[in-house]
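Q: I would like to learn how to read a protein model, feature by feature. Where do we begin?

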Amino acid sequence: MSLMLTTLSFIFSFISNFGDTYAGPTKQLCRPEQRDVLLEFKNEFEIPNSHDSFPPPMKSWRYNRDCCDWDGITCDPKSGQVIKLDLSYSLHGWFHSNTILSSIGNLSHLTFLDLSNNLFSGGIPFSIGNLSHLTFLDLSDNDFKGEISSLTENLPHLTTLSLSDNNFDGKIPFSIGKLSLLTTLDLDHNYFDGEIPSSMVKLSHLTSLSFFGNKLVGKIPSFFDISFNQFTGILPTNINSLSHLEYFDASVNSFVGTPPRLILGRNRLSGGLPENIYGNLISLDFGHNQLVGKLPRSLIHSPTLEVFNVESNKINDSFPFWLSSLQNLQILLHVLNFSSNAFSGHIPSSLADLTALESLDVSQNKLSGGIPQELGSLSYLSRMNFSHYHLAGLVPGGTQFRTQDCSSFENNSGLFGPSLDESLQNEFPFDESTTNTWVTSWNKSSDCCHWKGVTCDGNHGQVISLELNETFLNSSLKSSSSLFRLQYLRRLNLSSCNLQGEISSSLGNLSRLTSVDLSYNKLVGAIPVSLAKLTKLSYLSLNSNNFTSTLPSDMSGFHNLEHFDVSKNSFVGSFPRSLFSIPSLQYVSLGDNQFTGPVEFVNTFSSSSKLHFLGLSRNRFDGPIPESISKFLNLRQLYMSGNNITGSIPKSISKLVNLTDLHLSNNKLLGQVPSFLWRMATMTLSHNHFSSFENSSQETQIQILDLSYNSFQGPFPHWICKVKGLRYLDLSNNLFNGSVPPCLSNSIVSLMEMNLRNNSFGGALPDIFVDATKLRSLDVSHNQLEGKFERIQKDFRAIDFSGNKIRGKIPESLCFLKGLRLLNLSGNAFTSDIPRSLANLTNLEALDLSRNKLSGQIPQDFGKLSFLSYMNFSHNLLHGPVPRGTQIQRQECSSFLDNPGLYGLEEICQHTYTLNPTIQQVEEHSETEEQMFSWLAAGIAYGPGVLCGLNFLIHSCFFFFSHFSNSIASPTRQEN
């Protein structure tokens with residue numbers, strides 16, 4: 001108990017010392033009762049025991065961390081009370097249906113609760129009704145059912161209530177009028193029936209209201225989105241009295257009579273449009289009705305109008321030339337749709353004064369004359385339709401006209417002009433047998449906004465996103481590509497498309513781009529200078545291509561850049577200092593290139609930098625780690641492995657209080673490892689020249705520690721015994737000596753892999769492995785350990801005790817290790833018979849008992865071990881028949897050498913069998929065995945299953961594990 005209190009005391013002290021970076025000296029820690037409530041809430045979900053199986057927001061929910069720092073949690077900075085809980089898209093599939101959310105009601109100060117997009121079912125938990133301080137509640141996209149009265153009765157401070165896409169039913173409670181502060185109410189896609197309660201007229205602060213897709217009937221009061229229901233009768237005239245109304249949608253119902261105004265598309269309205277249209281309307285839609293008459297000139301009194309749609313009616317009027325004379329409409333009107341009516345006369349040239357116009361549809365009317373050439377100057381006009389007229393003359397030659405589809409001008413026999421460019425689809429060769437599903441959906445008979453991979457702006461129909469990742473385009477992007485005419489494009493994703501050639505400079509013309517992903521292609525050359533025009537860019541990913549140039553010398557013009565990834569190319573040149581002058585920068589990955597020279601941050605944006613990830617691994621950077629790196633106070637992950645970094649670790653890194661992952665392996669660093677690094681969660685320092693540690697009196701938080709291949713010497717570092725959450729420990733290939741201390745039992749409880757290989761540890765291995773409940777791989781090979789090997793925990797996957805002085809019998813208890821896949825006891829002093837019970841290890845894939853003093857026979861049941869693809873019994877005193885079995889017969893003859901009493905090797909050895917091998921043969925074979933098992937031990941611990949399988953030769957095993965072990969032995973691979 002005292003140890004736990006000491007641990008908690010350290011954690012709270014640590015957070016208190018460093019927390020003022022963000023919150024100042026007044027920051028409060030999470031209250032213990034709040035933490036306990038949240039952990040109780042977490043325990044209400046059926047989540048597997050594995051820590052990695054938790055939903056992403058809950059991985060950080062651990063007792064030893066301040067709950068105010070947990071993902072999805074926000075606390076009041078003064079009181080420490082939990083005020084915000086955001087678990088949207090997080091908990092689907094994990095909950096106990098009979099206890100769901102029972103504890104959440106104890107978070108009495110909660111003001112924000114988002115549980116949307118999960119799979120919760122049943123009624124609304126009563127505990128939510130106890131959260132009287134809530135102002136925001138989102139339960140949308142679940143399977144809740146029943147009534148909602150518990151919410152409307154007890155949550156008077158709500159401003160946002162979203163219950164859409166559930167199975168709620170019954171009437172909307174009259175008590176909803178008590179939520180007088182509501183600004184947003186969303187009840188879409190439920191089963192509410194009956195009438196809308198009149199009490200809702202009290203909701204005077206509402207700015208957004210939606211009842212879409214319910215079973216509401218009867219009369220309605222004066223609000224708001226009631227589309228896709230079964231309303232009938234005449235619309236109420238008092239809608240016109242709502243002076244602050246900006247949006248009204250009553251489409252797809254059965255209303256009759258003379259219409260008011262606003263959005264009433266797809267009804268059965270008849271008569272003329274209202275003469276008086278006033279208010280701050282943004283959108284006015286009477287499309288798809290049976291309206292007649294003329295357009296009201298009172299539109300002059302709608303100063304904010306952006307969308308005007310009267311398509312598919314029977315309006316008989318001359319083209320309203322007066323629209324363009326209204327100064328407010330000249331700069332605001334974006335969408336104008338008069339299609340499928342009976343408008344007559346000429347299209348006025350003054351229409352070109354509507355400079356903000358983006359979509360114009362006047363098709364299927366009775367217009368005549370030509371298309372005014374002045375319309376070619378409308379630079380935003382990306383969608384137009386003049387089809388089915390009696391138009392004649394030259395089509396305007398502006399850029400926007402040239403990019404239109406031919407269908408926009410069809411059935412106008414008198415029109416002529418330049419043909420339209422080929423579509424983007426026709427620019428790329430593709431094999432119809434491949435799964436290019438986007439190709440089949442891209443055709444002129446359907447709206448391009450519905451094509452696969454295409455997203456349009458909901459208001460104006462502009463293409464704003466093109467997501468064609470993992471589409472086999474198999475070509476290059478030419479400068480003349482129609483892609484570069486999508487002037488409103490904001491997001492472009494062409495990753496994994498097999499693109500070739502260079503990036504066209506025309507990409508710089510898409511000035512509205514905020515995100516560009518061209519990763520995992522075969523692009524070459526340089527980054528075009530024209531990309532500097534993309535000043536709105538926040539995301540740029542060019543990783544995994546074949547670029548060979550330098551980066552632009554000045555990248556400070558990317559003012560909004562947050563994510564920059566050019567890893568896995570062949571970029572050359574010096575460190576891009578100008579990149580780090582961008583204040584918005586959060587993520588930079590330059591790894592796996594050929595950058596050279598020192599790492600310098602001369603122009604960093606002071607301590608307010610938002611940078612949290614910096615990847616520089618596997619380049620040719622040299623010189624020391626710069627002191628100026630301490631300016632990135634938000635840095636959490638730093639990867640500098642695989643360079644030529646020299647010197648020692650600078651003390652300035654101690655200022656990076658948020659740094660959790662530090663990877664400096666494979667450099668030329670030396671000296672002492674400073675104590676402030678012990679607060680890291682992951683630290684890899686392998687393949688350097690470190691020789692000592694700076695002692696720390698504090699308990700550490702390290703989970704992954706790799707100190708292999710250095711020059712550490714002396715006894716086992718006892719400070720490791722203080723590490724409570726250690727999962728991976730690698731001290732191999734150093735100069736440690738002395739005994740392995742019993743205090744290691746303090747850390748071994750959480751360990752999953754431990755590697756002490758190739759040191760000079762001596763004495764008996766302490767009996768600490770019974771408590772190693774999570775340990776899966778243990779490698780203490782090539783030391784000077786002695787004594788007996790008896791008790792060990794039952795869940796091991798790999799054990800390597802080779803090259804020591806362990807004596808006695810091979811313990812029978814090994815037969816209980818049902819999950820064991822690798823066992824290497826070679827090069828010791830084991831005696832007596834090989835236990836027959838080892839044949840119970842049915843998952844065993846590799847077994848090496850060579851170079852001991854074993855006698856007796858090889859158990860015949862070994863022939864039944866179908867996964868055992870590598871075995872070695874050489875250099876013992878074995879005799880008798882070699883077991884029969886497919887796996888036995890596939891072994892090398894060398895696996896049985898120097899056992900004069902063995903027989904039955906004729907099929908295995910054929911003419912190569914040597915009864916008494918030479919000294920040179922023995923030495924060569926022993927070296928091969930050692931290399932093999934150094935690979936196998938790592939591979940088995942984390943491997944995907946069967947070692948090599950029945951159909952693999954032993955040489956395939958060598959190749960597989962020589963590559964696979966690299967990813968295990970070097971955790972820096974996590975960067976990519």
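**Reading the model**

A: Begin with the core: of the 134 residues in the largest nonpolar core, Leu494, Leu507, Phe564, Phe580 and Phe873 touch the most other members. A nonpolar core is a set of buried Ala, Val, Leu, Ile, Met, Phe, Trp, Tyr and Cys residues joined through side-chain atoms within 4.5 Å. Buried means under 20% relative accessible area, exposed over 50%, and partly exposed in between, with a 1.4 Å probe and protein chains only. Two or more residues of this core come from each of β26 (454-456), β27 (463-467), β43 (668-673), β45 (689-693) and α10 (906-909). A second, separate core has 49 residues, including Phe41, Leu163, Leu187 and Leu206. The model is predicted: local features need pLDDT of at least 70, side-chain atom pairs count only at pLDDT 80 or more, and totals for chains, interfaces and linings use all residues. Residues are numbered from 1 along each chain as its sequence is written, and side-chain values use heavy atoms, with hydrogens and water left out.

Q: How many helices and strands does the protein have?
A: There are twelve helices and 62 strands. Both are DSSP runs, numbered from the N terminus: helices are H or I with at least four residues, strands are E with at least two. The protein has 976 residues, and 53% of them are buried. Take contacts between residues at least 6 apart in sequence: 48% join residues at least 24 apart.

Q: How do I read empty space inside the protein?
A: Rolling a probe the size of a water molecule over the atoms shows where empty space is left. A cavity is a set of points, on a 1 Å grid over the protein atoms alone, where a 1.4 Å probe fits but cannot get out; lining residues have an atom within 4 Å of a point. This structure holds four cavities of 30 Å³ or more. Grid points are joined across faces, edges and corners, and the volume is the space filled by probe spheres set on the points.

Q: Which residues line the largest cavity?
A: Its lining includes Ser476, Leu477, Phe484, Leu499, Gln500 and Glu502. Ile503, Ser504, Leu507, Leu518 and Leu523 also line the cavity. By class, the lining has seven nonpolar, three polar and one charged residues. Ala, Val, Leu, Ile, Met, Phe, Trp, Tyr, Cys and Pro count as nonpolar, Asp, Glu, Lys and Arg as charged, and the others, Gly among them, as polar.

Q: What should I look for in backbone angles?
A: Most residues other than glycine have a negative phi, and most peptide bonds are trans. His189 has a positive phi of about 55 degrees. His189 sits in the loop between β9 (184-186) and β10 (191-194). His875 has a positive phi of about 60 degrees, in the loop between β60 (870-872) and β61 (877-881).

Q: Why does His189 count as partly exposed, and why does His875 count as buried?
A: His189 counts as partly exposed because its relative accessibility is 38%. His875 is at 9%, so it counts as buried.

Key. Contact means heavy atoms within 4.5 Å. On a 1 Å grid over the protein atoms alone, a cavity is a set of points where a 1.4 Å probe fits but cannot get out, and a pocket is an open set with protein on both sides within 12 Å along at least five of seven lines; lining residues have an atom within 4 Å of a point.
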